[in-house]
Amino acid sequence: MPELPEVETTVRGLTPVLLGQRLASVEPRRADLRKAIPVDLRQRLTGATVTALGRRAKYGTIATDRGDTLIFHLGMSGRWRVDPVEVEPHDHLLIETDAGRRLALNDPRRFGFVDLWSTADLTAYPPFMAMGPEPLGAALTGGHLRAALAGRRAPIKAMLLDQRIVAGLGNIYVCEALHRARIAPGRQAGRIGLPRLERLVDAIKAVLLDAIAAGGSSLRDFAHPDGALGYFSKQFLVYGREDQDCACGVPVRRRTEGGRSTFWCPACQRG
């Protein structure tokens with residue numbers, strides 16, 4: 001599933017194509033993806049000019065001069081294709097600009113979605129309302145984590161995946177950040193002291209920035225809007241490396257919980 005770095009990479013790839021451009025044509029090619037496509041999407045976006053692009057957690061946003069923001073989620077297999085030569089069967093939303101550029105939202109599994117919301121009221125968009133701070137923002141600090149995790153007996157990995165505590169973190173980058181911070185994924189969250197939480201915050205920010213710089217991780221279906229593949233997966237220290245040696249020489253372990261795989265080094269991440 002595309003995680004925060006993949007969505008950030010996508011938004012950065014769309015920006016030079018869309019920012020400041022008038023949308024000459026907006027064509028939904030089916031009525032729904034994971035949920036229904038707004039029935040007035042074509043009417044509200046056609047003729048509008050894109051004023052800003054952004055990201056909230058794992059959601060991309062495209063704002064227009066009409067006060068509407070197109071919100072998209074890539075689901076399991078979604079990606080935007082820029083200037084496709086041909087329309088493919090899984091291109092479910094087509095956008096053309098006055099400059100002659102074409103974008104296609106392609107999603108074979110249809111677990112993604114698009115929605116429209118008032119730009120002025122974007123913080124009230126239901127999925128955004130309960131979210132914690134952005135992991136790359138100034139609001140994510142060791143102090144925030146200490147307050148949010150106080151008294152919690154759940155494992156730290158599960159708490160980091162809770163979008164109410166930190167917005168946008170996913171399985172891959174949580175595994176990698178915990179390894180960099182030398183914290184066991186099963187450690188009780190409420191028992192981790194402030195110095196280690198501050199180290200964890202630094203690790204979260206560093207691994208996300210490294211992944212964005214590498215263009216994300218191309219696992220299964222994800223690719224950039226221009227079709228290029230991210231290569232951060234080549235820098236994984238633990239994720240997907242079961243039984244391979246960690247840098248310390250001890251084999252990486254894996255366990256499965258709730259359908260997710262956790263990867264960690266039992267030597268580097270003892271507590």
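Author: Buried means under 20% relative accessible area, exposed over 50% and partly exposed in between, with a 1.4 Å probe and protein chains only. The model is predicted, so local features need pLDDT of at least 70 and side-chain atom pairs count only at pLDDT 80 or more, while totals for chains, interfaces and linings use all residues. Residues are numbered from 1 along each chain as its sequence is written, and side-chain values use heavy atoms, with hydrogens and water left out.

Reader: Is Tyr239 buried or exposed?

Author: Tyr239 has a relative accessible area of 19%. Buried means under 20%, so Tyr239 is buried.

Reader: How do the rings of Phe236 and Tyr239 pair?

Author: Rings of Phe, Tyr and Trp (its six-membered ring) pair if their centres lie within 6.5 Å; planes under 30 degrees apart count as stacked, over 60 as edge-to-face and the rest as tilted. The centres of Phe236 and Tyr239 are 5.5 Å apart, with the planes at 75°. The pair is therefore edge-to-face.

Reader: Which residue has its charged end over the ring of Phe113?

Author: A charge sits over a ring if NZ of Lys or CZ of Arg is within 6 Å of the ring centre and within 35 degrees of the ring normal. Phe113 belongs to a cluster linked by ring pairs, together with Tyr59, Trp117, Tyr125 and Phe128. At 4.4 Å from the centre of the Phe113 ring sits the charged end of Lys35.

Reader: Which ring lies under the charged end of Arg255?

Author: The charged end of Arg255 is 4.6 Å from the ring centre. The ring belongs to Trp264.
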